[in-house]
Protein chains: 2
Amino acid sequence: MSRPAYHDCLNARLRRSMRAVGRRFDAALKPVGLKSTQFTVLAVFAYHSELTVTKLADLMAMDRTTLTRNLQPLVRQGWLEIAGDKDGRVKVVRQTSAGRAKLAEATPLWQAVQDEVTKVLGAEKRADLMQVLAELEA
Amino acid sequence: MSRPAYHDCLNARLRRSMRAVGRRFDAALKPVGLKSTQFTVLAVFAYHSELTVTKLADLMAMDRTTLTRNLQPLVRQGWLEIAGDKDGRVKVVRQTSAGRAKLAEATPLWQAVQDEVTKVLGAEKRADLMQVLAELEA
DNA sequence: GACGTGTAAGTGCATATACACGTAAAGGAG
DNA sequence: CTCCTTTACGTGTATATGCACTTACACGTC
């Protein structure tokens, strides 16, 4: 037997691609002062007017405590706001009008990268990729 | 026009899957005290006896300054060592025997997760995924 | 109403990631 | 030999990520 097929590691491959793609999206969004990860959070609120921290974390398949900290820069910039609830345990996250504006401002830049990827990969391969990546989450 | 198709964001999808897969690999490697990212670094040295920092970063498609810091925990644990070179600008990274042993110890645990993924996705889908992810790097 | 259980959120710690900038050494032009 | 450019690497700062642990509140049982 030869050495194990380390080059076939799914985790390593995913991270490599994630880094490359992340750099690409980050660069595209730089003119509007958004990280790609922050864009992703703002985009969730295009579909939900308000969410508790835990529900948002579930939606994003992210550790709740990671999200708590990721929200801070967005709150500091005034794009999101966090308020208490009748239920004293719960914090509700909402997008501000500045947040909606920032998302709208960033959307064409984001769309351009999306289109670029579709062009490079082809629509079919891209759709298959998205599908398999989603399966991977389970 | 309706709202943009934010749910179709490649970057967000990649990160979601990366998080899920990373958690899975991290959990599997926990018994031997390795993070999945650290395993990836150690595995590179199954193919290369020594590498400069920049070459290692290139091989991993990672920012060089990120790698510099990622190496520190591995050096601290005694799995890698970093030495100077004739060329005073260059730092050479090598795996120690402890590093080789740790990699060998972790390999079966890593292989189990790899096999699990292949079982869940099917070998073909998995191979296609790896292929497309590689294309994405360019 | 006191108490135990479950639920929502935050903190401490460690690591991963990358950009902007700084430092130091090699190597060539004059 | 001096100066300039290139190359290799590190630091400062900010963000992303997750686990172990803690805190605060709600709710049902007695």
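**View 1. The surface near DNA strand D in a predicted model.** The residues of this surface divide into 4 nonpolar, 10 polar and 10 charged. Ala, Val, Leu, Ile, Met, Phe, Trp, Tyr, Cys and Pro count as nonpolar; Asp, Glu, Lys and Arg as charged; the others, Gly among them, as polar. In total, 24 residues surround DNA strand D. Near here puts the C-beta atom, placed from the backbone, within 6 Å of the molecule or strand. The closest are Thr37(A), Gly88(A), Arg19(B), Thr54(B) and Thr65(B). Two or more residues each come from helix H2 (36-44) and H4 of chain A, and from H1, helix H3 (53-59) and H4 of chain B. H4(A) gives the largest share, 5 residues. Helices (H or I, at least four residues) and strands (E, at least two) are DSSP runs, numbered from the N terminus. The model is predicted: local features need pLDDT of at least 70, side-chain atom pairs count only at pLDDT 80 or more, and totals for chains, interfaces and linings use all residues. Residues are numbered from 1 along each chain as its sequence is written, while chains are lettered from A and ligands numbered from 1 in the order in which they are written.

**View 2. The surface near DNA strand C.** DNA strand C has 26 residues around it. Arg19(A), Thr52(A), Thr54(A), Thr65(A) and Gly88(B) come nearest. Chain A supplies at least two residues from each of helix H1 (10-29), helix H3 (53-59) and helix H4 (64-76).

**View 3. The side of chain B that touches chain A.** Here 40 residues of chain B are in contact with 40 residues of chain A (C-beta atoms, placed from the backbone, within 7 Å). Helix H1 (10-29), H2, helix H5 (97-121) and helix H6 (123-136) of chain B each supply at least two residues. H1(B) gives the most, 14 residues. This side holds 22 nonpolar, 9 polar and 9 charged residues.

**View 4. The rotation axis.** Chain B superposes on chain A by a rotation of 180 degrees, with 0.0 Å of shift along the axis and an RMSD of 0.0 Å. The two copies are therefore related as by a two-fold rotation axis. Within chain B, Leu129(B) comes closest to the axis, at 3.3 Å (C-alpha). Both copies use the same surface: 100% of the contact residues of chain B recur in chain A.

**View 5. The hairpin of S2(B) and S3(B).** Strands S2 (residues 80-84) and S3 (residues 91-95) of chain B run antiparallel, joined by 5 bridges. Pairing takes at least two DSSP bridges. Between S2(B) and S3(B) lie 6 residues. Ala83(B) stands opposite Val92(B) in S3(B).

Methods:
Contact = placed C-beta atoms within 7 Å. Least-squares fit on C-alpha atoms with pLDDT ≥ 70 in both.
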